[in-house]
Amino acid sequence: MASNEKELVVIGAGPGGYAAAFHAADLGLKVSLIDPEVNPGGVCLYRGCIPSKALLHLTKTKEEALTASAWGIKFEEPKIDLKKVKKWKKSVVKKLTDGLGQLGKSRKIEYIQGKAKFIGENELEVITKDKETTQLTFKNAIIATGSSEVNLPNIEVDHQKVWNSTDALELNEIPKKLLVIGGGYIGLELGSVYAGLGSKVSIAEMTDGFLPGTDRDLVNVFEKKHPFQEVFFETKVENFKVNKKSLSVSLKGKEKEQKKSFDAVLVAVGRTPNTKELGLDKIGISPNEKGFIEVDLQRKTKHSHIYAIGDITGEPLLAHKASHEGRIAAEVIAGKKGAGYDPKIIPGIVFTNPELAWCGLTETQANKENKKVEVKKFPWSASGRAVAIGENSGVTKLIIDPETEVILGGGVAGKDAGSLIPEIALAVEMGTTASDLSLTIHPHPTLSETIMESAELFLGGATHLG
């Protein structure tokens with residue numbers, strides 16, 4: 001059994017872990033990065049963000065081609081070559097994860113392929129890919145183990161007919177009829193992928209609409225164009241029977257219970273932090289009632305030399321949050337003064353078609369907190385660019401303090417909403433006013449003008465809206 005000491009050990013090589021490791025190495029620290037995969041990337045690159053967005057891009061391309069027939073360019077009905085789609089998806093993942101591996105090597109980061117758990121406040125036990133056990137001592141550690149799919153107590157995921165999100169991304173088959181349990185962002189994105197690939201997709205959601213907690217005016221833009229055959233809101237999956245060729249599902253709604261038959265079911269009801277196999281009891285750390293590790297603004301746990309970042313520290317469970325936290329932790333360990341986690345906003349994006357994105361104070365939150373705000377919405381039907389590309393059902397909104405004019409939040413629903421939301425996010429972080437946005441000349445014709453004209457509405461009237 002080998003033993004050696006490390007200056008900084010990062011446990012988990014997802015977007016939080018590799019960002020922390022890379023930044024720490026850039027700041028002069030000697031870093032060891034531990035993860036079960038052959039290269040950095042984590043769930044996000046291997047089985048989450050990247051493959052799902054690659055497939056969403058493919059299905060959006062198909063939808064745009066079919067839509068173009070109404071404008072005078074007619075294509076034949078697209079044919080899906082599933083083997084080729086899988087090969088392309090895997091090539092995207094491999095290119096990015098191999099690239100991260102090279103970036104780690106160029107920074108002289110020690111990469112250990114294996115799983116780690118604490119056996120003391122300065123000790124780790126690592127079981128490598130070859131099943132060898134190694135003990136490491138460390139000066140500092142960053143826990144970045146991410147999260148896993150939540151399972152439902154009455155539904156067993158068999159990976160054949162009953163899937164989790166990882167199974168769905170394998171693309172082993174395109175079922176004729178697919179039920180997605182969960183109307184959150186994972187369910188909507190993966191449901192959209194399979195609808196685009198030819199499945200008749202239905203959604204079962206316990207609440208009264210898609211994306212619980214998200215402003216309804218944004219969600220409504222998607223609901224009017226969603227690709228799903230049937231949607232069951234305020235519905236629970238009660239009974240579940242796997243037959244030889246199909247699944248019989250009992251859906252209990254608010255007013256009635258009905259039985260439906262599907263070829264496959266995807267369970268997409270959320271994620272839970274990966275803390276159970278870390279040996280946290282050996283170092284006296286107990287997750288809170290929601291399962292998260294509590295940290296301070298510097299991402300320190302109760303032990304000043306052990307840090308935690310990403311999904312295991314709480315909502316929102318987003319890769320860009322984890323990356324930012326990782327860089328903060330690295331700077332604190334490297335001794336940079338003033339380093340701390342204090343964002344005003346963390347943008348959220350759902351990569352459906354159309355996309356939905358928001359940041360900062362939402363209209364829903366403002367109403368709940370009885371906060372006085374002005375909400376200004378610019379409909380894309382008044383945007384020259386949106387109309388020219390057939391995307392005139394979208395909307396851009398700003399949440400503004402009526403006294404100071406400061407932008408408190410905002411949202412976008414429509415094509416490339418995820419590429420528009422950073423401007424609003426920057427405005428919130430910088431304390432920008434509606435006048436600042438209005439006076440910033442935006443290029444024409446672009447969708448970005450809808451942000452400028454939303455600000456103009458607050459000031460008295462937008463050029464392209466009467």
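Helices α1 and α8 run roughly parallel to each other, a label for angles under 35 degrees. This is a predicted model, in which local features need pLDDT of at least 70, side-chain atom pairs count only at pLDDT 80 or more, and totals for chains, interfaces and linings use all residues. Residues are numbered from 1 along each chain as its sequence is written, and side-chain values use heavy atoms, with hydrogens and water left out.

The axes of α1 and α8 come within 7 Å and cross at roughly 30°; axes are lines fitted to C-alpha atoms over the stretch in contact, with angles from 0 to 180 degrees between N-to-C directions. Helices are DSSP runs (H or I, at least four residues), and strands are E runs of at least two. Here is who meets whom, contact being heavy atoms within 4.5 Å:

| Helix | Range | Residues in the contact |
|---|---|---|
| α1 | residues 15-26 | P15, G16, A19, A20, H23, A24 |
| α8 | residues 319-333 | A319, A322, S323, G326, R327, A330, E331 |

By class, this contact has 7 nonpolar, 4 polar and 2 charged residues.

Now to the interior. A nonpolar core joins buried Ala, Val, Leu, Ile, Met, Phe, Trp, Tyr and Cys residues through side-chain atoms within 4.5 Å, buried meaning under 20% relative accessible area with a 1.4 Å probe, protein chains only. The largest such core has 32 residues, and L178, Y194, V201, F210 and L266 touch the most other members. Its largest share, 6 residues, comes from α6. Another core, of 27 residues, lies apart from it and includes F22, L45, A329 and A339.

Key. Buried < 20%, exposed > 50% of the residue type's maximum accessible area, 1.4 Å probe, protein only. Parallel < 35°, antiparallel > 145°, perpendicular 65-115°, else oblique. Nonpolar A, V, L, I, M, F, W, Y, C, P; charged D, E, K, R; others polar.
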